[in-house]
Amino acid sequence: MKKYTIAAILMLAGSLLLSACGTPSSNETGSAQPAAGTPAQTQKVIMASWSKPITEQTNLYYAEEQGWFKEKGIDFTFVPGAGGGDAIKNILSKQADIAFTDPGSLYFALDKGEKLRVIYNIYPQNVFNIVSLKDKNIREPKDLKGKKIGVYSLSSGTRHNLLVVLHQAGLTEKDVTIVETGVSNFAPLIQGQVDATAATDTGLADAMLKGLGDVNVINVKDYLNVPSDVFVVTEETFRQKKEMLRSFLEVYKKSAEWMIQNPDAAAELALTKAIDGKDKQRNAEIIKLRNESTVSEDTDKNGLGWLDASILQEGADVYKKLGLIQNDLKLSDIVTNDLVPKK
């Protein structure tokens, strides 16, 4: 019995010695170790857009191509949509983390009691306008009275921003005739089916490239310069995923800066990445316009993405006066610059 015990002890000791001397450490085996500065885990981030992948979002395609999201530990997915309302629905249903959406869609969701937060100002400039042929002599909002005006649809931002312009002149929807023309709304304008059409700067640029000619343009930003698009998340996502959101915004800001500094390269990249990017001349014009809408006095002082809650509040108040929403909204509780990357 004693002999057996000693042998067993000797075998155990030998085994331990071999283990200590002969088994490589995890660093010696080549097992996966994160490189310096690389996040240890990758987190999936889904961004729901208001549109399909289009030219004005080329900065996002470049960020993916350069691996900037992966460097931050982000597995990025772009989910297309058909309007800002779609993007909001996707985050409310947890099909996405972040909505690339417009203030109007934000106001409508907040009016229904949804708990949301605005975390980044994508385009501080209002890009909507009212366009008319020169012979109609429509130069100011008051000149729209009694006129027939085209909009994409009755639920679109073109209609909402038209109502904003009318409001500035003391007019209402009853003072004009609104016609749904669809997105190809410049053909009815040229054909005389409408006196003016509500559009965006990119829509107007397309029409000009196709030979629209001399027109009068009423820019909505001259009357209410509410941002065109913002990043919105649910209150739950804001509370639970702050670091992920902060990393995403760092990449987005970096990509937006790249597009501002490299518009020609962006126009070239859009040829292969954007569904509407087949014409480089058009790409260059669209990117120029979006770069211009990305900056403002606030971003000059505080960096890209900076939010002014008072401007968004002004927009909400106008929407309430117009009857587009029913409830008073307090945007100071919704808007935050906590996650906006520092200048």
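Select Glu 235: at 23% relative accessibility, this residue is partly exposed (partly exposed lies between buried, under 20% relative accessible area, and exposed, over 50%, using a 1.4 Å probe and protein chains only). You are looking at a predicted model, where local features need pLDDT of at least 70, side-chain atom pairs count only at pLDDT 80 or more, and totals for chains, interfaces and linings use all residues. Residues are numbered from 1 along each chain as its sequence is written, and side-chain values use heavy atoms, leaving out hydrogens and water.

Helices (H or I, at least four residues) and strands (E, at least two) are DSSP runs, numbered from the N terminus. Arg 117 is buried, at 13% relative accessible area.

Next, select Arg 290 and Asp 201. Their closest N and O atoms are 3.0 Å apart, in a salt bridge. Arg 290 is in helix α13 (residues 280–294) and Asp 201 in helix α9 (residues 201–209), so the pair ties together parts 89 residues apart in sequence. Both Arg 290 and Asp 201 are buried.

Last stop: Asp 333 and Lys 330. Their side chains form a salt bridge of 4.0 Å, N to O. Asp 333 is partly exposed at 45%, while Lys 330 is exposed at 53%. The whole structure holds 17 salt bridges.
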